[in-house]
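Here is a short briefing to keep beside the viewer. Have the chain open and follow along, topic by topic.

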Amino acid sequence: MEYSLQEKYDLIRKDIVGCKSSDPVAIARSIMDKGYVSMHGPEHHFLDGAAFLVAYKNAAGESVSEREIDELAERTRTMPGAMCGYWGVCGSVAAVGAALSVLHGTGPLSTDQYYQDHMKFTSRVLARMSEIGGARCCKRNAFLSLSCGAEFVRETYGISMQVQAIICDYSPKNRQCIGERCPFHRMKDTEGGNADFSES
């Protein structure tokens, strides 16, 4: 069955609001496995940002509001597919940045620390993605942005989001999989599983 982007957004919204986990990767994966989510596609922008938003609120002991989800949906809907290749900015990173801006109420005229923090986060993740290189993979980039995001908010705000070791199961569906160059490829499991995202 074919779904429009709006239908995918509606289904993501429906399925994600009841998630109770504080692990954004686990939340994202539970939605990625639904039949309406493609291997690659702009629905990941809303999905990744929403998974992060819900996990953050759960970790903080708060409930995500419809206003927050609506605002995130509006912001991510304007992000086109293939941003990584055409713009040099990963849509997943931008989506998590958007989730942070929704959480902290920042905008283009903000002068507070949050404005700086969000730039620091996105630049950190983009630097790591640049080290890995392409081709595109919406799953790999989601795992990177969400796991780095969880670490960032633990370090910066003391919000204890959780991320379990990430081993990718999507390689057989991805014709552009970069194999062992990916920090989440299952062959990496023998080398310790998840990549270390702590700053040196």
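W87 is exposed in this predicted model, with 55% of relative accessible area. That residue sits in helix 5, which covers residues 83-87. Together with Y86 and V89, W87 makes a nonpolar surface patch of about 400 Å².

**The largest pocket**

- The largest pocket holds about 380 Å³ of space.
- Its lining counts 14 residues, and those closest to the centre are G97, A98, S101, H118 and M119.
- Two elements each give two or more residues to this lining: helix 6 (91-104) and helix 7 (113-132).
- Helix 6 supplies the largest share, with five residues.
- Sorted by class, the lining has seven nonpolar residues, six polar ones and one charged residue.

**Salt bridges: the overall picture**

- Side chains of opposite charge can pair when their charged atoms come close.

**D169 and R29**

- Is R29 buried or exposed? R29 is buried, at 16% relative accessible area, whereas D169 is partly exposed, at 46%.
- R29 and D169 also belong to a network of salt bridges that links them with R186.

**K57 and E68**

- K57 and E68 form a salt bridge through their side chains, again given as N to O, at 3.2 Å.
- This pair links distant parts of the chain, with K57 in helix 3 (residues 43-59) and E68 in helix 4 (residues 66-77), eleven residues apart.
- K57 is buried, with a relative accessible area of 9%.
- E68 is buried too, at 6% relative accessibility; both values fall under the 20% cut-off for that label.

**D15 and K14**

- A salt bridge also joins the side chains of D15 and K14, at 3.7 Å from N to O.
- K14 counts as exposed, with 61% relative accessibility, while D15 counts as partly exposed, with 22%.

How values were computed:
Residues numbered from 1 in each chain as written. Predicted model: local features only at pLDDT ≥ 70, side-chain atom pairs only at ≥ 80, totals over all residues. Heavy atoms only, no water. Patch = residues over 30% accessible without salt bridge, like charges linked within 9 Å, V, L, I, M, F, W, Y side chains within 5 Å. Areas by Shrake-Rupley, 256 points an atom, 1.4 Å probe, with all protein chains shown as cover. Salt bridge = Lys/Arg side-chain N within 4 Å of Asp/Glu carboxyl O. Helix = DSSP H or I, 4+ residues; strand = E, 2+ residues; numbered from the N terminus. Buried < 20%, exposed > 50% of the residue type's maximum accessible area, 1.4 Å probe, protein only. 1 Å grid on protein atoms, 1.4 Å probe; cavity = no way out; pocket = protein on both sides within 12 Å on 5 of 7 lines; lining within 4 Å. Points joined across faces, edges and corners; volume = space filled by probe spheres on them. Nonpolar A, V, L, I, M, F, W, Y, C, P; charged D, E, K, R; others polar.
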